[in-house]
Amino acid sequence: MELHRTSATPAEHNAVQTPEAPAPGLSVQLLAGPPGTRVLVLTGEADSETAPVLARALDAALDEPPAPEVLVVDCSGLQFCACAGLNEFLRARLSAVRAEIRLALAALTPQVARLLDLTGTDTVLEILPEAPPVAPKPPVAAPARTSLPIPPQATAPTGTGMGAQAAALSAQAERQTSADQWDLSAAGAALARTTAAQLAQTVGPAHVQEALPGIERLERLREALAVLTIGTAHTHGQLAWFLSSATVALTPVLRWRALVAEDRQAFGTVVPTQEEFTDAENAVRHLRTALTHITARDRERDPALPEAAARDIQRPGER
C-alpha cells in the first residue's frame, strides 16, 4: 500500500511538480512504421560521446531481420547533433545503399537542419518534412510491402559522402579555431602546415586530377591517407583528433582498386566510379583548406587564401 503525505509546503509542492532536467545523452527507440518501413526515433544529443550509441542503433535498424525497404530516422527529438553524429548518418547511408535500403532523416530540428545546410550534406542525405506514423509493436500479419507514401527524389544522391564528412569536420575545426578553442604548440602548427602542403601535392585541382588514369588517382588518394596517418602519429590533442577523424572519413579509399580482377581475387575491393573519385578528392581539398585555417595567425593578412583553395573543390558529376 502506498503512503501519501497529506500536506506540503508551497516550496515542497513546487519541487514535486517540477520535473528534473533530462540528463545529457541519447535515447533511441525502434518502431514499426507503414509496411516495409522501420522508424528509428532519436531523443537527446548526438555528439562524440553518444556517437557509439547512434552507430549501434543505426546498424541494428538496418540489419535486424527482416530487412526493411525504408529506414526513417525521426529527428524531431534530436536537440543537438555534432559532426560525430553527422558522420554516423553518412556512414549508415553507405550501408543502406549497399543493402538497397532507402534511408531518410525526418522532422529535422533547426540546429540539425542548419548543420546539414552548412556542410552541404542536405544534398547527400534524403530529408523528409515529417516522420511516418508508427505502430506500438510490429503487426502480426505482414501485408504486401509498399514504399513510403512520399514522392521519390528527383535525383538519387551519389558519391560516398567522404567530401561531406570532410566538410563537416572542417567546419567544426574552423568554428573552434575562430572561438580560440585550439591551443596549438609551435610544433603542432608546423606539422599542420606541413600536412596541408603534402595534401596539396597529393591531390591537385580538379582538371588535373581528371586527366590522370584511375590507378594514379587512387595512388594519390592513398598517399593522402598516409600523410594524415603519419601526422596523427606525431601529435596529440585536438590536432591529432582532427587528423584521425579525417583519416576515418577517407578509409573507404582502402577498399578501392583500379585494376580489373575476378571477385575471388579482389578481397572484397571495388572499382570506384568517377564521381566517387571526385568526392574523395574533394574531401582531401576540404581537409587541406581546414589545416590552412587552423594555422592562419592573421586571417586578414590574406583573406583570399581559403577562397582560392576552395575553388579547386568540384561537385560530383561536374565536368
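# Side-chain contacts and a helix

Q: What does the side chain of T247 reach?
A: The T247 side chain comes to 2.8 Å from the backbone oxygen of L243. That is a polar contact, meaning a pair of N or O atoms within 3.5 Å; within protein, one must be able to donate a hydrogen and the other to accept it, and residues adjacent in sequence count only if both atoms are side-chain atoms.

Q: What kind of model is this?
A: The model is predicted: local features need pLDDT of at least 70 and side-chain atom pairs count only at pLDDT 80 or more, while totals for chains, interfaces and linings use all residues. Residues are numbered from 1 along each chain as its sequence is written, and side-chain values use heavy atoms, with hydrogens and water left out.

Q: Back to T247. Where is it?
A: T247 sits in helix α9. Helices (H or I, at least four residues) and strands (E, at least two) are DSSP runs, numbered from the N terminus.

Q: Buried or exposed?
A: T247 is buried, at 14% relative accessibility. Buried means under 20% relative accessible area, exposed over 50%, and partly exposed in between (1.4 Å probe, protein chains only).

Q: And what is T247 in contact with, leaving aside neighbours within four places in sequence?
A: With those set aside, T247 touches L225, L228, T229 and T232. Contact here is heavy atoms within 4.5 Å.

Q: New topic. How many salt bridges?
A: The count is five. A salt bridge is a side-chain nitrogen of Lys or Arg within 4 Å of a carboxyl oxygen of Asp or Glu.

Q: What does R217 pair with?
A: R217 forms a salt bridge with E281, at 2.8 Å from N to O. R217 is in helix α8 (residues 214-233) and E281 in helix α10 (residues 274-295), so the bridge links distant parts of the chain, 64 residues apart. Both ends are buried: R217 has 1% relative accessibility, and E281 has 2%.

Q: What about R102, which partner?
A: R102 bridges to E126, where the closest N and O atoms are 2.5 Å apart. R102 is partly exposed at 22%, whereas E126 is buried at 8%.

Q: How many aromatic pairs in the whole structure?
A: The search finds one. The partners are W256 and F277, with ring centres 5.7 Å apart and planes at 80°, so the pair is edge-to-face. The rule takes rings of Phe, Tyr and Trp (its six-membered ring) with centres within 6.5 Å; planes under 30 degrees apart count as stacked, over 60 as edge-to-face and the rest as tilted.

Q: Where are W256 and F277, and what does the pair tie together?
A: W256 is in the loop between α9 (237-250) and α10, and F277 is in helix α10, so the pair ties together parts 21 residues apart in sequence. W256 and F277 are both buried.

Q: How many disulfides?
A: Zero, taking a disulfide as a pair of cysteine sulfur atoms within 2.5 Å. For C81, the nearest cysteine sulfur is that of C75, 7.5 Å away. C83 has its closest cysteine sulfur in C81, at 8.0 Å, which is too far for a bond. C81 is buried at 1% and C83 at 3%.

Q: What is V112 in contact with, beyond four places in sequence?
A: L78 and C81. V112 belongs to helix α4 (residues 110-119) and is buried, at 0% relative accessibility.

Q: Last one: how far does helix α5 reach?
A: Helix α5 (residues 162-178) has 17 residues and spans 24 Å from first C-alpha to last, close to the 24 Å expected at 1.5 Å a residue. The expected span is 1.5 Å times one less than the number of residues.

Q: How many of the 17 residues of α5 are buried?
A: Twelve, so α5 is largely enclosed by the rest of the structure. Those buried residues pack against α3, α4, α9 and α10. Just after α5, D180 takes a positive phi of about 55°.
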